[in-house]
Amino acid sequence: MVSKSQLAIILSKLKLFTTHSLHLEQYGTPSEIAADLLWQVDFSDRNIAGKTICDLGCGTGILGIGALILGAKKVFFVDTDEEAISVLLENIRTVEKQEGIKYSYEIIKGDVQNMTPIQAEVVVCNPPFGTKAKHADREFLGFATKCAPYVYSFHKTVTLDYLKDWCDSKGYDMIIITNYNFELKATQEFHTRKIHRIEVSSIRIKKG
Ligand code: SAH
């Protein structure tokens with residue numbers, strides 16, 4: 001059984017995006033924050049070990065791979081970007097080798113806007129924040145809630161009121177788990193600062 005800091009160290013060694021699509025809002029979750037959320041989901045809600053998890057908008061896989069390390073029964077990795085998926089596969093193989101375990105997983109290339117919902121028990125995701133593609137965050141959550149009764153997700157803290165209203169309108173229960181400062185490294189030419197910090201919160205949405 002790994003500790004939270006051991007998990008963060010393993011996740012910090014994963015390969016990151018080789019290119020960053022602006023439209024798809026690709027930025028990886030910092031490893032310590034990924035480990036922190038997964039740890040809380042496993043420890044407080046018992047929603048990782050033994051569960052079928054869907055990592056939606058998985059990118060290079062930090063959340064889903066973390067879930068596998070914590071004993072998830074199976075992880076569905078979903079992303080629309082082929083390059084991210086090839087890095088993801090490399091990351092899974094590296095961790096399997098390192099840990100001496102064969103994990104149960106499925107990789108699905110798909111767009112949340114037009115795919116059949118995955119049948120899982122829990123969704124974990126760090127979706128696009130909807131900064132570039134308007135409402136992308138809500139579209140992700142709409143799809144996520146079709147895949148599983150529990151959704152754990154990261155959002156810009158300033159959007160939480162709006163998300164809470166959306167959850168209320170659907171009859172879903174939403175709680176804020178933790179507030180973080182995400183450090184986003186400059187990935188685009190027009191970024192003027194090397195590191196940009198934004199306030200991000202992890203939330204849990206529970207259906208019915
Ligand atoms: N979950 C990863 C990556 C977060 S970045 C992490 O936590 O590090 C957001 C991811 O969502 C990117 O990999 C991007 O390719 C994916 N994405 C964006 N729009 C999508 C869509 N419509 N359908 C599926 N994946 C999408």
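**Contacts, burial and pairing**

Biologist: Leaving aside its neighbours within four places in sequence, which residues is Thr52 in contact with?

Modeller: Contact means heavy atoms within 4.5 Å. With those neighbours left aside, Thr52 touches Lys73, Lys74, Phe76, Gln119, Ala120, Glu121 and Val122. This is a predicted model, in which local features need pLDDT of at least 70 and side-chain atom pairs count only at pLDDT 80 or more, while totals for chains, interfaces and linings use all residues. Residues are numbered from 1 along each chain as its sequence is written, and side-chain values use heavy atoms, with hydrogens and water left out.

Biologist: Where does Thr52 lie, and is Thr52 buried or exposed?

Modeller: Helices (H or I, at least four residues) and strands (E, at least two) are DSSP runs numbered from the N terminus, and Thr52 belongs to strand 1, residues 52–56. Buried means under 20% relative accessible area, exposed over 50%, and partly exposed in between, with a 1.4 Å probe and protein chains only; Thr52, at 12%, is therefore buried.

Biologist: How should I read Leu14, and where is its place?

Modeller: Leu14 sits in the loop between helix 1 (4–12) and helix 2 (31–45), and its relative accessible area of 9% makes it buried. Beyond its neighbours within four places in sequence, Leu14 is in contact with Ile62, Ile65, Asn91 and Val95.

Biologist: Which elements do the buried residues of helix 2 pack against?

Modeller: The buried residues of helix 2, including Ile33, Leu37, Leu38 and Val41, pack against helix 1, helix 3 (62–69), strand 4 (122–125), strand 5 (150–156), strand 6 (172–185) and strand 7 (195–207). Just after helix 2, Arg46 takes a positive phi of about 50°.

Biologist: How many bridges join strand 6 to strand 7?

Modeller: Two strands pair if DSSP finds at least two bridges between them. Strand 6 and strand 7 run antiparallel and are joined by 13 bridges, with Met174 having Ile205 of strand 7 as its bridge partner. Strand 5 also runs antiparallel to strand 7, through seven bridges, and Ser153 stands opposite Ile203 in strand 7.

Biologist: How many disulfides does a search of the whole structure find?

Modeller: A disulfide is a covalent bond between the sulfur atoms of two cysteines, taken here as a pair of cysteine sulfur atoms within 2.5 Å. The search of the whole structure finds zero disulfides. For Cys125, which is in none, the nearest cysteine sulfur is that of Cys54, 8.3 Å away. Cys147 is likewise in no disulfide, its nearest cysteine sulfur being that of Cys54 at 5.0 Å. Cys125 is buried at 0% relative accessibility, and Cys147 is buried at 2%.
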